[in-house]
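Here is a briefing on one predicted model.

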Amino acid sequence: MTRLVEAHPGNEALLMAGALPLMRDLVSADDWLPEAMAAAHPRYYQQHLLYGDPLDRFSLVSFVWGPGQKTPVHDHTVWGLIGMLRGSECGQAYARSADGTLAPCGPELRLLPGDIDQVSPTFGDIHVVRNAHDDRCSISIHLYGGNIGRIARHVFIPDTGEVKPFVSGYSNQLVPNLWAGEPA
C-alpha cells in the first residue's frame with residue numbers, strides 16, 4: 001500500500017490500481033485478525049487501528065460491530081474501501097436535498113464476507129452503517145486515504161440538516177494513538 005500511495009499520491013485511481021486487489025486478498029481469509037481487535041463491546045462498535053502509515057496517507061482499521069450496533073449518519077472526507085471479513089453489515093447512502101436535509105439515496109447495500117464497498121468525497125461519502133445481525137458480531141476491515149482516527153469529519157442529523165463535527169479516534173487497548181497534535 002505504501003508503494004501504491006507513493007506512485008499515486010492523492011489520486012483516487014489508486015483504489016483500482018492496487019488497493020482493491022489488496023483488500024480483496026485481505027478479506028478472503030478470516031484467520032489473521034488478533035482477538036483483541038475482534039472483540040465486540042456491549043454498547044459501542046469498536047474501531048481498532050491495525051496499521052497507520054507514518055505520514056498519515058492511509059490507515060487500516062477493523063470495525064467490530066456488536067449485535068444491532070450502528071453508526072450515526074456520517075462522512076469520511078477521504079477515499080475508503082470497506083471489506084467484509086466476518087458476519088454481515090448494511091450500509092445506506094444519504095444525499096443532501098436543496099433545503100439541507102438528508103434522505104436515504106438508493107437501496108441499502110448488504111455486505112457479506114469477501115464483499116467490498118467504496119466511499120469517496122465524490123461518491124457514497126455520507127452514509128449510515130449497521131450490523132446486519134441482531135444476535136452476533138460482525139467485522140469489517142476498512143482502508144482509508146488518511147489517518148481516519150484523527151480526521152475531522154461530520155455527523156448529520158437527517159431530519160434537520162444539522163451537522164456536528166467529530167473525530168473518531170480508535171478503540172485500541174494494545175496500541176496507543178501515536179499521532180500527537182490537533183486532528184487534521
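The largest pocket has a volume of about 450 Å³. A pocket here is an open set of points on a 1 Å grid over the protein atoms alone, where a 1.4 Å probe fits, with protein on both sides within 12 Å along at least five of seven lines. Grid points are joined across faces, edges and corners, and the volume is the space filled by probe spheres set on the points.

The model is predicted: local features need pLDDT of at least 70, side-chain atom pairs count only at pLDDT 80 or more, and totals for chains, interfaces and linings use all residues. Residues are numbered from 1 along each chain as its sequence is written, and side-chain values use heavy atoms, with hydrogens and water left out.

**Pocket lining**

- The lining of the largest pocket comprises 33 residues, where a lining residue has an atom within 4 Å of a point.
- Thr71, His74, His76, His127 and Val129 lie nearest the pocket centre.
- Elements that give two or more residues to this lining are β1 (46-52), β2 (59-65), β5 (89-96), β7 (109-111), β8 (116-119), β9 (127-131), β10 (138-144) and β11 (153-157).
- β5 gives the most, with five residues.
- By class, the lining has 16 nonpolar, 14 polar and three charged residues. Nonpolar covers Ala, Val, Leu, Ile, Met, Phe, Trp, Tyr, Cys and Pro; charged covers Asp, Glu, Lys and Arg; the others, Gly among them, are polar.

**Fold and packing**

- The chain has two helices and 12 strands. These are DSSP runs numbered from the N terminus: helices are H or I with at least four residues, strands are E with at least two.
- Along the sequence the pattern is α-α-β-β-β-β-β-β-β-β-β-β-β-β.
- The radius of gyration is 16 Å, close to the 16 Å that the globule rule gives for 184 residues, so the chain is as compact as a globular protein of that length. The radius is taken over C-alpha atoms, and the rule is 2.2 Å times the number of residues to the power 0.38.
- Along the principal axes, the C-alpha atoms fill a box of roughly 40 × 40 × 30 Å.
- Buried residues make up 46% of the 184 residues. Buried means under 20% relative accessible area, exposed over 50%, and partly exposed in between (1.4 Å probe, protein chains only).
- Of contacts between residues at least 6 apart in sequence, 72% join residues at least 24 apart. Contact means heavy atoms within 4.5 Å.

**Aromatic residues**

- There are four aromatic pairs in the structure. Rings of Phe, Tyr and Trp (its six-membered ring) pair if their centres lie within 6.5 Å; planes under 30 degrees apart count as stacked, over 60 as edge-to-face and the rest as tilted.
- Phe63 and Trp65 are stacked, at 5.8 Å centre to centre and 25° between the planes.
- Phe63 is buried at 6% relative accessibility, and Trp65 is buried at 1%.
- Tyr45, Phe63 and Trp65 form one aromatic cluster.

**Single residues**

- Asp56, in the loop between β1 and β2, has a positive phi near 60°. Asp56 is partly exposed at 22%.
- Thr77, in the loop between β3 (73-74) and β4 (80-86), has a positive phi of about 70°. Thr77 is partly exposed at 33%.
- Ile82 is in strand β4 and is buried at 3%.
- Beyond neighbours within four places in sequence, Ile82 has contacts including Glu89, Leu111, Ile116 and Ile141.
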